[in-house]
Every structure is written in C-alpha cells, then in structure tokens.
Amino acid sequence: MATIGDELKTLFDRNLQSNMKLLARAGGVLREAGRAARDPQRLRGTDARTLVSDLLQLQFDYYRNLSEQSVQYLNAVVSLAEGAVAAPPAVPDTAASATVLSGRPGETLAFQFALDNPNDQPVNAAIESRDWLGRDGSQVGADTMSFEPAATVIEPRTTKTISGRIHIDGRFKPGGSYDTQIRVAGFPGREVTLTLTVAGDEPG
C-alpha cells in the first residue's frame, strides 16, 4: 500500500519530468529566436510567423502544465487533509435505550424498538436476549420473549422496526422487578435495556 510519502514523491517526479520537457522545448525556441535576432532577414515572412507561433505555443503549454501541476498538488494536499481528519465509518447508534414495562402474571406485553442503518451497505441483524435478572437475585429465562422479525436485513440508510412480546408466566414473582438486555448481533454495541415490573396480588 502506497504511503503519503510515496504519493508525494511520485507527484514531484512526474512534475519534474514534465518541466524538463518544457525546458528542452524552450531551449530550442530560444535558440531560434537568438539566431533570428542576429539575422534580421529571418524575422520576415514564414520564418517570423513560425517563430511567433512556436513562442505562443510554448507559452500556452507552460501555463497548461502549470495549471495541471497546481491541480495535482492541490488534490494531493486535499487528500492528505481528508485522510488526517476523516471521520471513522458510520456505525449504528450504540447508545442503549431503556424501556420500562409493567404487567400482571398471565399477561402478554408488546413493545417495539427501531434499528437505524446509517451506512451505505446493508446490515444483517439478529435479535438476541439475555435472561431476566430479578432485583432479588432470581433469574427467568429469555424464552419468555419473542421478536418479529428475529433476524432481518436492514437496507442502507433505512430504519427497521422490531416488535417484541413478553409473556409473564409463573416464573415471574408478583411484586418483583426484572431487568434484561436485548442485543442486536450485527450492530456492535447496540443494546436495548428492558425493565419489567410485575404487579403484586390485590388484597382479597
């Protein structure tokens, strides 16, 4: 892989060779002009027109060469500047969002969260959940949750909505609070934090 130093060296070498060719041409035209100055007869007719044409063409080529070299140099400088300050490739939002839900034993709760893909390439996403961790130290399996879709492809610069369901079965204790995290494989660091509060038994 070429380094910055290699790119600049190539640019300078190419410009030097171009300038040397122009100097060689200029030397020939100037020699002709010198001979014409010593021999006024050469400044008449066809010889004079040819000399003037050569001088004009040389001047035109000089400015064109100077312009091309300036553009190449500016492009190299801009590329170096962009490389030095370029932002890292966009990644999906890594900030964890929190959702708080509450329900009673036997209920099924629904919730949603959005996945944004700001990149120019599609992203394969798979939804994974950890077990619930009760505030009292107990655990409830992640099989109490389901997702639709559980795996999906998010097209470039689009948003996909994921629907989730939680079935509050007998493993959840009335009056307890539980926490879990939903991880989205394919989205580094993308997590959704869920807190579930289970309502207690009503007084009889």
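**Group meeting talk: strands, core and salt bridges**

So, the overview: the protein has two helices and ten strands, where helices (H or I, at least four residues) and strands (E, at least two) are DSSP runs numbered from the N terminus. Before I go on, this is a predicted model, with local features needing pLDDT of at least 70, side-chain atom pairs counting only at pLDDT 80 or more, and totals for chains, interfaces and linings using all residues. Residues are numbered from 1 along each chain as its sequence is written, and side-chain values use heavy atoms, with hydrogens and water left out.

Reading from the N terminus, the order is α-α-β-β-β-β-β-β-β-β-β-β. Of the 204 residues in the protein, 27% are buried; buried here is under 20% relative accessible area, exposed is over 50%, and partly exposed is in between, with a 1.4 Å probe and protein chains only. The accessible surface comes to about 13200 Å², and 56% of that belongs to carbon and sulfur atoms. Those areas come from the Shrake-Rupley method with a 1.4 Å probe, and for residues only the protein chains shown count as cover.

How about contacts, meaning heavy atoms within 4.5 Å? Take the ones with a separation of 6 or more: 72% of them are between residues 24 or more positions apart.

Now the core. Which residues of the largest nonpolar core touch the most other members? Those are Phe113, Leu115, Trp132 and Leu196, out of 25 residues in that core. At least two core residues come from each of β2 (108–117), β3 (123–129), β6 (145–148), β8 (158–167), β9 (177–185) and β10 (191–198). By nonpolar core I mean a set of buried Ala, Val, Leu, Ile, Met, Phe, Trp, Tyr and Cys residues joined through side-chain atoms within 4.5 Å. In soluble globular proteins, nonpolar side chains do tend to be buried together.

Click on Leu115 for a moment. Leaving aside neighbours within four places in sequence, Leu115 contacts Ala125, Ile127, Ile154, Thr158, Thr159, Lys160, Ile162, Val184, Phe187 and Arg190.

On to the sheet I wanted to show. There is an open sheet of three strands, in the order β2-β8-β6, with antiparallel pairing; strands pair if DSSP finds at least two bridges between them. Why is one side of β2 and of β6 left without a neighbour in the sheet? Both stand at the edges and have a single partner strand each, so there is one side with nothing next to it in the sheet. From one strand to the next, the twist averages 25 degrees, using axes that are lines fitted to C-alpha atoms, for helices over the stretch in contact, with angles from 0 to 180 degrees between N-to-C directions. Between β6 and β8 there are four bridges, and the two run antiparallel.

Next, salt bridges, which here means a side-chain nitrogen of Lys or Arg within 4 Å of a carboxyl oxygen of Asp or Glu. How many are there? Seven, by this rule. One of them is Arg183 with Glu128, at 2.6 Å, N to O. That pair ties together distant parts of the chain, Arg183 in strand β9 and Glu128 in strand β3, 55 residues apart. Arg183 is partly exposed at 38% relative accessible area, and Glu128 is partly exposed too, at 34%.

Another pair is Arg135 and Asp179, again 2.6 Å, N to O. Arg135 sits in the loop between β4 (132–134) and β5 (139–140), Asp179 is in strand β9, and they are 44 residues apart. Is Arg135 buried or exposed? Exposed, at 57% relative accessibility, while Asp179 is partly exposed at 23%.

Then there's Asp169 with Arg171, where the closest N and O atoms are 2.8 Å apart. Shared partners join Asp143, Asp169 and Arg171 into one salt-bridge network. Asp169 counts as buried at 18%, and Arg171 is partly exposed at 40%.

Last stop, two residues that both contact Asp179. Thr195 lies in strand β10 and is buried, at 15% relative accessible area. Beyond four places in sequence, Thr195 contacts Thr99, Val100, Leu101, Arg135, Tyr178 and Asp179. Leu133, in strand β4, is partly exposed at 45%. Leu133 touches Ser138, Gln139, Ser177, Tyr178 and Asp179, again not counting residues up to four places away.

Methods
Contact = heavy atoms within 4.5 Å.
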